[in-house]
Structure formats: structure tokens, C-alpha cells
Amino acid sequence: MKNLLEHKQKTKILDELIKKWLEETKKDPKNFTKDKFHKLKNEIYKKYKIAKPFQSIELIERYEELIADGSLEENLFFKKILRKRWVRSLSGVTIISLLTKSFGCPWKCIYCPSFEGLPKSYIPNEPAVQRAVLNNFDPIMQIHNRLRALEITGHTIEKNDVRIIGGTWSVYPLEYQEMFIKAIYDAFNTYDDMKKYLEKTDLTNDKFATFKLKEGYKAKLSKNLEEAKKINETSRLRVIWIAIETRPDWVTFEEIARLRRYWVTRVEIGYQTTIDEINKLNKRWHSNKESIEATKMLKDAGFKVVAHMMPNLLGSTPELDKKALKEVFENPDFRPDELKIYPMMVTDNSELTELWKAWKFKAYDDETLINLTAELQMMIPEYVRLNRTYRDIPASEILEGSTLANLRQLVEEKIKKSWVKLLDTRHRELKDWSNDPKKAILNIFEYDASKAKEYFLTFEDKEDRTIFSLLRLRLPENNEDVVSILPELKWCALIREIHTFWDQLGVKEKGSTFGQHIGFGKKLIKKAEEIAKQNWYKKMAVIAWVWVREYYKKRWYNLEGEYMVKKLD
């Protein structure tokens, strides 16, 4: 009886807090900040003499219950204030990282650690590794675990960017690849049905939402990959993008055809450096030749290319690191779309560990690394997105190298003091409500890359260049090898990415001041088609992920092979 009374009292307080909160958000939603919310909470806690504040996930859970029983109407501004770690949804999608099982690695890069039972280069205490181990590397369980954690902390989970990590995807057995990709689609297709059998969710950790299911639950899995993809086209939770990691020397035309069948849209490849002698010294065993060829092949097939660079490799110096990155953007044979910078760190269980112990390797000190990273960031052009400047390895696992988890913040504070404005897309993505999308202007940036003409189209704020929406258009000149395996791309211009920023809206939600679903995409596609026609291209092909195929059908695109294609005459 006591527990029942306590539950009723708690529910009463939560309801009062939510009611007053909603009243305040309706008055001026854009200016109702988290600070104002905390002030309101403290007033109510004081009124009821609550010593220990309620968890945010308890508020979210009660809010969802009131929505479900019809007591409240959905309020998007309210939900955004309520949400924990709101930056996770700013790119307009939910990011889900999955770790593959270990299948060994045929290479001996000196910096890669090897731990039993883990893919090479991964450390036991990394968050994604812990989640994978918790779920026995089962992709469906990893996804359900992550979706549940995001959902109970207030995030919209209908549009998902799946990042497959675990090393060189291309060397995994084809049977395992097929199983893993199919499981990704099955996971999103079955999540809502699985929730009906939830008995208890552990709400104490927003990264690892462990839960217990009632007896009798059995997932309704698809018969094969093609069926799984088809179901996902109309599922509530959809796969928007899939990314894999591989080596430049393992990118082949046959591999590209397979990746398109899996509906992979983005490929991460490790340049590491553009100085061949340093790559050789670190036993990387590929050169610029393979990096350049892989970059062109992927772009000609419509993929987005993410390059990895590693400052502080054995044999390098800050000056050589700057020279290497300068080559990436000054040489049109490189010019990737996105970049990750991973400064060298020495961890246990690698060849570099032994070299470090023998005093044959020394990492840059923090001051050197901050200064170097600042100079590297200032080199990055406006069409590139800088995803990372530091790998998320726990400090306890780093034997030599920087343990500054806030390295990026320190670097950008330094850059700010030098009055340099960073123009890479990540720094210009829409992040708050201070920019008015109605005042957006179209900007077109043209550049040469990988033996073709590229156009980077953006709708952006003319004052501070904040990006609301972007599109990458490629006009390939000579892609006969790609056409031989993907004949649907003959005479095609390529839309390789289209992306509208700010907060994720559900698939069927209408547009709002948040940025998505207000027409930027349609305008960018129309402009891209105009440019392609002016350059005498007969067709436009889009590397269209699952859920947008209906969107493109309404614009006279039809499915040909693994692309949505439109005749431009």
C-alpha cells in the first residue's frame, strides 16, 4: 500500500510539472530554455519538499503515457527541451553504431591493437564495444538496445544512419556480410513488435538500455535480404544511410556492386597519410595510387567518401602531417566529402607498443597536438565535413598520446582567438533556432575532384553562411568500368547526397521551423537537374536510401537496378 501511495504521489507531481511546463512553452516556445525548465522544476520540488530530483527519463516516460492515453497533445518544442543529449539528433537522423564480430585481419599495421574476441584496432572499454559485447555482437540486439536507450531519453528514431564498425568490412566472409546486413533491416522492421513484449527496461543508463522481454516473444524475421529491404521501405523505423569501413586497396568494382545491393551509401577509407614512405614504415602496405583509385571508383558509383587521416604516425612530424593533409585538398585526385582525423595513440597489444617501450616512438605533447590540429582544421574547404578530430578511447587505455577528450573544443577555442572562421560543413550546419530558414539563399560551389566536375549546392543564411540543406552533384566524365557492373548509371549525372539539417522529424511529420520537410530538398534536386541538363547529361541517378524512394517516384524517378533514375529530356 505504501508503494502504491508513493507511486500516486510521484505521478501527481510529474503531471503538475508537465502541465506547468507545457503552459510555459506555449507562451514563447523558442525562448523556453533548459535553464528556465530547471528553475520551474526546482519550484515544484520545493513545493512538495522533494530532496532528490526525478530522472529526465521518468519525465519522458510519463509524458509519453499522457500522449498515449489522449490526455495531452504532442508538443514538439516541449519534447525537444525534455530530451537528453539533444545534439544526437541535430543532423536530422539517429546515429546507430554496430560492431561486427572478429574475423582476424590479414594486415600488420603497427598501430592497431589486437584483443582476443574483438575486431582488430578496437579496445575493450570503448562504449560501442561494450554495447556489442553486452549483446554478443548480435546486430539485432545491438540495434534494439540502442534504439531503446535513445527512445526513453526523448529522441525521434524513425530515420537512422547505421555505421558498421569493426575494421575492414571487405575481408569478412560474404555469408556473414549478407547475414549482418539483413539483420540490420530486420532489427528496424521488428522493433515496434518487440516493444509489445517489454516487461522491464533498466532506466539507469542512457547508453545501455537493457530490458527484459516477456516469455513467448519471437521476432518475425524476413526470409532473405531482398524481403527485409522491401519491408523497410514502409516500416515506421527506416534505414536512411549505411556506412562501412574498408581499405583503399580492397575497393573493387565487384565490391562496389555488392555494397549497392546492401544499400550502403557511404564508405570510409583510410588514407592515413599521403606520404607513401610513412605509410610503408607503418606497414600499411598501400600507397596513394590505391587511395586515389578507390576514391574515384566510389564517387563514380555515387557513394559519399569519408577519408581517415592519422597525424603522428611513426616517422612523421607536424610539418609532414600538414603537408599530407594539404595534398588531400590541393590534389583533385583526392578531395573526399568527409574527413576523420585520428591522432596516433599507443595502446596495449600492438607492434607500436613494443617500439614505444623501446623508446623508438614518442607521441606529440598536448600543446603540439592542439596547435597542429588547429592548423589542420583551418585547411578544410567548405564542401567537406570534419566528423572527428579524436578517437573516443578511454584515457585508462592510452599508454602514450593525448588523453584530452575535449581536444576539439580546445582547438576550436584557439582558432576562434585567431579570428579565423571555419567553413567546413559541420561548423555551418543549422544548430539552433537563431537562423530563419525563410531567408535562406542558394549557393553553388563548383570544384574538380577525381576526374569529374562536382557541385556542392547549399541553402544557407547569407549573413553567417549557416547551412539549412545541401546536395552533392557529380558529373562523371569517364566511368565505363563502373557502368560495366552498374549499367543503370550510363549517361547519368549523380546526386550523391541530399541532406536537410536541424531536428529530426518523423517520416510523416509536416515541416516546421525546425528545418526538415519545408521544401529545400525539392528545390535542390530541381537545380541539380538544371545543371546536369546544361552539361548535356541525359539522366540523373540518385543513390537513394530506402525510405526516400517514394519521395523520388513523385518526382518522376524510377527504380533502375539499385538507383532511382530520371530521364532529363
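In the predicted model described here, both faces of strand β14 (residues 539-542) are covered, with Lys539 and Ala541 buried on one side and Met540 and Val542 buried on the other. Buried denotes a relative accessible area under 20%, exposed one over 50%, and partly exposed the range in between, with a 1.4 Å probe and protein chains only. Strands (E, at least two residues) and helices (H or I, at least four) are DSSP runs, numbered from the N terminus. Strand β14 runs parallel to strand β13 (residues 492-500), to which 4 bridges join it. Within this pairing, Leu494 stands opposite Ala541 of β14. Strand β16 (residues 563-567) is antiparallel to β14, again with 4 bridges, and Lys566 of β16 stands opposite Met540. Two strands are taken to pair if DSSP finds at least two bridges between them.

Residues are numbered from 1 along each chain as its sequence is written. As the model is predicted, local features require pLDDT of at least 70 and side-chain atom pairs count only at pLDDT 80 or more, whereas totals for chains, interfaces and linings use all residues; side-chain values use heavy atoms, with hydrogens and water left out.

The secondary structure of the protein comprises 19 helices and 16 strands. The radius of gyration is 25 Å, close to the 25 Å given by the globule rule for 569 residues, so the protein is as compact as a globular protein of that length. This radius is taken over C-alpha atoms, and the rule is 2.2 Å times the number of residues to the power 0.38. Along the principal axes, the C-alpha atoms fill a box of roughly 75 × 65 × 55 Å. Of the 569 residues, 57% are buried. Contacts (heavy atoms within 4.5 Å) were considered between residues at least 6 apart in sequence, and 73% of these join residues at least 24 apart.

The protein exposes about 26,300 Å², of which carbon and sulfur atoms supply 52%. Accessible areas come from the Shrake-Rupley method with a 1.4 Å probe, and for residues only the protein chains shown count as cover. The mean positions of the 102 positive and 87 negative charges are 4 Å apart. Lys and Arg count as positive and Asp and Glu as negative, while His and the chain ends are not counted; each charge is placed at NZ of Lys, CZ of Arg, CG of Asp or CD of Glu.

Strand β11 (residues 452-461) has 9 of its 10 residues buried, so this strand is largely enclosed by the rest of the structure. Strand β10 (residues 440-448) is joined to β11 by 9 bridges in an antiparallel arrangement, in which Ile441 has Glu460 of β11 as its bridge partner. The β10 and β11 hairpin has 3 residues between the strands, and Ser450 in this hairpin takes a positive phi near 50 degrees. Strand β12 (residues 467-476) is also antiparallel to β11 and is joined to it by 9 bridges; here Thr458 has Leu470 of β12 as its bridge partner. The hairpin of β11 and β12 has 5 residues between the strands, with Arg465 at a positive phi near 65 degrees.

Most residues other than glycine have a negative phi. Positive values also occur at Gln272, with phi near 65 degrees, and at Lys283, with phi of about 55 degrees. Gln272 lies in strand β6 (residues 266-272) and is buried, with a relative accessible area of 8%. Lys283 is placed in the loop between α10 (276-281) and α11 (288-300) and, at 29% relative accessibility, counts as partly exposed.

Thr425 belongs to helix α16 (residues 425-428) and is buried at 2% relative accessibility. Leaving aside residues up to four places away in sequence, Thr425 touches Glu382, Tyr383, Val384, Arg385, Phe456 and Ile467. The C-alpha atoms of Thr425 and Glu338 are 9.1 Å apart, with a sequence separation of 87 residues. Tyr63 is part of helix α3 (residues 56-68) and is buried at 0% relative accessibility. The C-alpha atom of Tyr63 is separated by 8.1 Å from that of Asp15, which is 48 residues away along the chain.
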